[in-house]
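This report describes selected local features of a single protein chain. Please consult the sequence and the structure shown below while reading.

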Amino acid sequence: MEIAFPYIKKRSEFGRQCNFSDRSAELHVDIPSDDTLMHDFIARDPVDMGIQCVQEMSEHFANTERYETSIHGINHTEGGWPKDVNPNEVEQVTRYRKKVEKDEMYISAVLHLGSIMEHCIKQNNALDIYEEYFEDIDFEEMDEPASAKTLNVFRDPNDIKRTATSISWHPDGSCNLAVAYCNLEFQSTLPGTSMCSYIWDVENPNKPDLTIKPVSPLVCLEYNPKDTHTLLGGCYNGQIILWDTRKGSQAAEITPIEQSHRDPTYKTLWIQSKTGTECFSTSTDGQVLWWDIRKMSEPTEKMYLDKKQEFHNAQGAYCLEYEPTMPTKFMAGTEQGNIISCNRKAKTPFDKIAAIYTGHIGPVYALQRNPQFSKNFLSVGDWCARIWSEDIRESSIMWTQQYSAYLTDGCWSPTRAAVFFITKMDGTLDVWDILFKQNYPTLTLQVCDVPLFSVSAHESGKLVATGADNGTTTLLELSEGLFTVARNEKLIVTNMFDRETRREKILDARHKEIRLKERAKLEGGKDEKHLSLEKQVVSVAGVDVYSEAEKLFFSIVADEKKKRPIPMMNYEEVEKKDLQLQAERQAALLANPALEEPELFEQETAHETFPGVLKENAEEIPPDLPKEEADYKESEPEEAA
């Protein structure tokens with residue numbers, strides 16, 4: 001059993017005298033006695049032990065970093081225009097200048113300050129303090145292997161652990177991160193499960209800075225980039241909640257449940273606006289709702305992820321992507337594996353769905369534009385991550401290998417355009433650097449033994465936070481090569497994206513050409529059949545088709561009747577005929593010895609085997625056919641007739 005008590009003390013309290021006070025006894029651990037352990041020991045008898053009449057003492061030291069401080073006085077005088085003078089008004093400035101120039105002390109003050117300023121200017125000209133001494137020297141960059149180390153682990157403080165579904169960093173670059181906790185498995189939440197989410201300080205993993213208390217477990221949580229004290233969260237019951245950290249843990253605003261989403265709110269994003277109060281959200285119910293936090297009683301705008309804007313055909317979405325430089329456009333990743341590009345301010349409802357990108361065979365869980373190339377975006381879903389270009393809708397320009405584990409989340413590096421991160425169900429984090437490798441990840445980290453569900457990178461690119469299924473949030477520090485921009489990296493990535501885009505365009509044009517040729521062949525075959533039918537129709541044009549068909553039918557019946565065998569003779573006539581045939585054959589052989597017997601036999605086979613069949617029709621019956629089958633073939637024309 002491991003017993004741990006975290007003690008937190010301010011640096012100023014180190015070395016201060018301890019003040020003890022009386023209080024009642026407090027039981028921390030109760031370990032019951034176990035009599036069975038007596039069998040593992042033997043009593044020592046007698047026992048010799050040395051003792052000393054001196055009190056035993058121990059000495060411990062605790063050293064912290066020492067900072068030497070000193071106090072100095074500074075004489076500070078604020079200059080500038082007087083309060084009653086507006087520097088933007090030309091008349092007031094001119095009037096004040098004339099008043100100052102008439103003062104007797106003005107000339108002496110200028111002469112005194114002029115000598116001081118002249119001395120400072122000469123010093124600056126004598127020595128350039130901003131001079132770079134080693135501009136022309138090229139330093140050899142050491143290519144260190146990609147690596148990462150764990151800085152801290154933030155655990156869910158509750159007994160019943162939940163999944164860390166979303167991570168949001170503080171916009172000002174400070175080391176605070178907001179983590180949303182929720183159990184996403186349908187109807188698997190145990191009674192007594194906490195609904196709280198937390199804001200953590202990177203330096204203190206023992207206790208959260210602030211507890212966020214929603215009405216339903218939070219699926220997503222986002223900081224406001226304009227007002228860093230406000231957070232927006234999407235709940236499991238579909239509601240949208242706003243918090244102000246200055247007011248505490250309780251929600252400041254909440255949307256009515258009848259005006260909210262019908263499914264869990266999987267993504268919320270802030271919109272770039274003058275007021276900084278607009279946001280929008282999406283869910284698997286197929287709706288995209290726009291909100292203003294000043295009035296959250298109803299959405300300001302509503303849109304369905306369907307071409308015809310029909311709610312019953314809308315595709316449910318798991319993620320959103322919004323670029324501030326394109327304020328009216330956004331993208332959504334759906335359950336069906338499609339990426340839908342939308343225009344909020346389209347003229348007609350049909351134009352709101354601008355484009356649909358298909359490529360994933362499972363839900364799209366992550367969608368993000370490249371921070372430096374807004375035309376290219378990353379999507380994560382099923383067993384593959386893909387990089388797309390807005391110019392090509394049929395296929396992605398780059399994609400990763402097919403993983404054996406399911407992918408759950410992904411994001412770009414904020415500093416490097418060629419680096420992105422992927423989390424998987426086997427608990428690993430993959431770091432891809434497409435400048436270094438395109439087929440395999442540059443770095444694979446086994447973060448934990450449970451599935452990872454979320455990942456977010458700090459704006460410096462040095463820190464990466466991942467959220468796991470058991471509620472642990474792991475903070476990783478990357479090596480310098482994974483967040484430091486290399487020389488000419490932007491140019492190389494630009495050329496790479498352009499090259500892959502051109503390649504996909506050429507392949508797409510080739511596929512279209514092949515499809516057109518196949519379609520032309522099919523249509524050509526159909527045209528030939530139509531021409532032959534037309535010829536047949538033309539050949540019988542001007543003739544009574546029914547009368548001609550009737551004549552043809554009866555002529556066929558008459559021909560078949562001629563082919564019918566005549567009634568069988570009696571056996572005496574057959575024997576006489578056979579004897580006559582044998583006599584004729586012998587006479588023919590005597591008269592003409594050159595005639596071979598098989599030829600004569602073939603000529604008379606029909607009369608010998610089938611005496612009722614005419615000689616001109618004997619060729620229709622094979623010689624080696626049994627008699628029963630021959631009789632059957634003779635009767636077929638009659639049945640057909």
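Is Phe14 buried, partly exposed or exposed? The model under discussion is a predicted one. In this model Phe14 counts as partly exposed, because its relative accessibility is 41%, and buried residues are those under 20% while exposed residues are over 50%. Phe14 belongs to the segment that comes before helix H1 (90-101). Leaving aside neighbours within four places in sequence, Phe14 is in contact with Lys9 and Thr64. The C-alpha atom of Phe14 is separated by 9.2 Å from that of Asn63, a residue 49 residues apart from Phe14 along the chain.

The side chain of Asn370 reaches the backbone oxygen of Ala417 at 3.0 Å. Ala417 is also among the residues that Asn370 touches when those up to four places away in sequence are not counted; the others are Asn376, Phe377, Trp412 and Phe497.

The two residues are set side by side here.

| Residue | Relative accessibility | Class |
|---|---|---|
| Phe14 | 41% | partly exposed |

The strands form the next topic. Strand E12 (residues 287-292) pairs with E13 in the antiparallel sense, over four bridges. Within this pairing, Trp290 has Glu301 of E13 as its bridge partner. In a regular strand the side chains alternate between the two faces of the sheet.

An open sheet of four strands has the order E22-E23-E24-E25, and its pairing is antiparallel. Its edge strands are strand E22 (407-412) and strand E25 (443-446), each of which pairs on one side only. From one strand to the next, the twist averages 15 degrees. Strand E24 (residues 428-433) is joined to E25 by four bridges, and these two strands run antiparallel. Across this pairing, Val431 stands opposite Leu443 in E25.

Conventions:
Residues numbered from 1 in each chain as written. Predicted model: local features only at pLDDT ≥ 70, side-chain atom pairs only at ≥ 80, totals over all residues. Heavy atoms only, no water. Polar contact = N/O pair within 3.5 Å; in protein donor to acceptor, adjacent residues only side chain to side chain. Contact = heavy atoms within 4.5 Å. Pairing = 2+ DSSP bridges. Buried < 20%, exposed > 50% of the residue type's maximum accessible area, 1.4 Å probe, protein only. Axes fitted to C-alpha atoms, helices over the stretch in contact; angles between N-to-C directions.
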